[in-house]
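The structure comes first, and the notes follow by topic.

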Amino acid sequence: MFDWLDKFAGWLVFDVFGMQSGMHFTEAVHFFIYDSIKIVILLLVVIFLMGIINSYFPVERVRKFLSQNKLYGFEYLMASLFGVVTPFCSCSSVPLFIGFVRGGIPLGVTFSFLITSPLVNEVAIGLFVGLFGIKTTVIYVISGILLGTVSGIILSRFRLEKYLTPWVKKIISEARREEEKFRSESTPFSKRIPEIWTEVLSILKGVIPYVLVGIAIGGLMHGYIPEGFFEKYMSKDNLLAVPLVTLFAVPMYSNASGILPVVQVLVSKGIPLGTAIAFMMGVVGLSLPEAMLLKKVMTLKLIGIFFGTVTFCIIVSGYIFNLIL
Amino acid sequence: MNKIVKILGTGCPKCKKTTQVVDEVIRKNDLDFSIVKVEEIEDIMMYDVMSTPALVIDGKVVFKGRIPTRSEVRDLLI
């Protein structure tokens, strides 16, 4: 798919810049040019497509759908799927959480949404396709959805309502919801494009600096770290790697954008893909800043149960990935 | 009479950008509006918004979910 880009990058590096092949730095620059352009193109496409879907399914409509339809157990899966197409800003996690619960959506289902949303989003997908290829991306997306669905179901068994903070319980009981008319019922597609496009550019502007830095670091690592370097320490047989790496990752927070290019290079240098993905999920899916925000609505115990369950599921995913990839 | 537009947001970059956009529209069009920033989550949750930033005029949520464009703000305020 991107052979033309590879040739273009090669032309730039060798013919235009006149760099010497075989040198570490040349490798790094070649990688940087190729990857940056490829990823920007992919991000543009994926973010735009997601933007279209999201234009027809804003969060308010998702809430209405989930609270009004009898889904016979599939509501967790639906919540998770909606989490994929809804952009996630961690500053919105509290309003979103309250909004869902206020709207009558059970806690477990709300969690499914909250878990998958940061993990599987348009930026992560675009980056994954560019860095790891379609097959791995599909597996990642499916596992992110399953992770949200399964965690939500597990959490629903715990009767967690009593662990919400008094403040949130009060807000929920005072629920007042305006009847919502959704844009999708009135605006034609062509009118939506300008605002979707503005949103695409705005997301790209926010994400590209991190991506470029990540690719630059990745590029240097690509050029300078020898092949198979990490295999000694992190082979698939090292059973402790996945849990350790996940536990290390959970308190951290980074945009998928900065971390993914680095992860890709690590993998190409010998870290098993499953371990790397567990790390990424831990970093992106859960974080200390998010826990701080959630303290407003969840008691520490609930946050602990929530984080613990998701961490456990990530670790399991990591092992499974190592087995099948 | 001076009207108020409330901007709901906890202070993330999107909320700051929204304030900039609204402020610019008010100044450029010489509108009789003042901005009130609602940054505490307790106050934000008085309104039924699920994603910030959001704009509130006369107690009604008129915009939510993303940074509004200048023309969208103009349409709301004028």
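In chain A, the axes of H14(A) and H16(A) come within 7 Å and cross at roughly 155°. An angle over 145° counts as roughly antiparallel, so H14(A) and H16(A) are roughly antiparallel to each other. The model is a predicted one.

**H14(A) against H16(A)**

- The crossing of H14(A) past H16(A) is right-handed.
- On the H14(A) side, the contact is made by A:Leu273, A:Gly274, A:Thr275, A:Ile277, A:Ala278, A:Met281 and A:Gly282.
- H16(A) contributes A:Ile314, A:Gly318, A:Phe321 and A:Asn322 to this contact.
- Sorted by class, the contact of H14(A) with H16(A) has six nonpolar and five polar residues, and no charged ones.

**H13(A) against H14(A)**

- H14(A), residues 273-285, also packs with H13(A), residues 256-268: their axes come within 10 Å and cross at roughly 165°.
- That angle makes H13(A) roughly antiparallel to H14(A), and the crossing is right-handed.
- From H13(A), the residues in contact are A:Ala256, A:Ile259, A:Leu260, A:Val263 and A:Val267.
- They meet A:Leu273, A:Ala276, A:Phe279, A:Met280, A:Val283 and A:Val284 of H14(A).
- This contact of H13(A) with H14(A) has eleven nonpolar residues, with no polar and no charged ones.
- A:Leu273 of H14(A) is listed in the contact with H13(A) and also in the contact with H16(A).

**H2(A) against H10(A)**

- Helix H2 (residues 24-56) and helix H10 (residues 189-224) of chain A pack at an angle of about 155°, and their axes are 7 Å apart.
- H2(A) is therefore roughly antiparallel to H10(A).
- The crossing of H2(A) and H10(A) is right-handed.
- By class, the contact of H2(A) with H10(A) has 27 nonpolar, eight polar and three charged residues.

**The second largest pocket**

- The second largest pocket holds about 250 Å³ of space.
- Helix H8 (134-156) and helix H16 (300-324) of chain A each supply at least two residues of its lining.
- The lining includes A:Ile139, A:Ile142, A:Ser143, A:Leu146, A:Leu147 and A:Val150.
- Also in the lining are A:Cys313, A:Val316, A:Ser317, A:Ile320, A:Phe321 and A:Ile324.
- Ten lining residues are nonpolar, two are polar and none is charged.
- A:Phe321 lines the second largest pocket, and A:Phe321 is also one of the H16(A) residues in contact with H14(A).

**Backbone details**

- Most residues other than glycine have a negative phi, and most peptide bonds are trans.
- A:Arg159 is not a glycine, yet its phi is positive, at about 55°.
- A:Arg159 sits in the loop between H8 and helix H9 (166-173) of chain A.
- In chain B, the peptide bond from B:Thr52 to B:Pro53 is cis, with omega near 5°.
- B:Pro53 belongs to the loop between helix H2 (41-44) and strand S3 (54-57) of chain B.

Key:
Residues are numbered from 1 along each chain as its sequence is written. Chains are lettered from A and ligands numbered from 1 in the order in which they are written. This is a predicted model: local features need pLDDT of at least 70, side-chain atom pairs count only at pLDDT 80 or more; totals for chains, interfaces and linings use all residues. Side-chain values use heavy atoms; hydrogens and water are left out. On a 1 Å grid over the protein atoms alone, a cavity is a set of points where a 1.4 Å probe fits but cannot get out, and a pocket is an open set with protein on both sides within 12 Å along at least five of seven lines; lining residues have an atom within 4 Å of a point. Grid points are joined across faces, edges and corners, and a volume is the space filled by probe spheres set on the points. Helices (H or I, at least four residues) and strands (E, at least two) are DSSP runs, numbered from the N terminus. Ala, Val, Leu, Ile, Met, Phe, Trp, Tyr, Cys and Pro count as nonpolar, Asp, Glu, Lys and Arg as charged, and the others, Gly among them, as polar. Axes are lines fitted to C-alpha atoms, for helices over the stretch in contact, and angles run from 0 to 180 degrees between N-to-C directions. Angles under 35 degrees count as roughly parallel, over 145 as roughly antiparallel, 65 to 115 as roughly perpendicular and the rest as oblique. A crossing is left-handed if the near helix is turned anticlockwise from the far one by less than a right angle, and right-handed if clockwise. Contact means heavy atoms within 4.5 Å.
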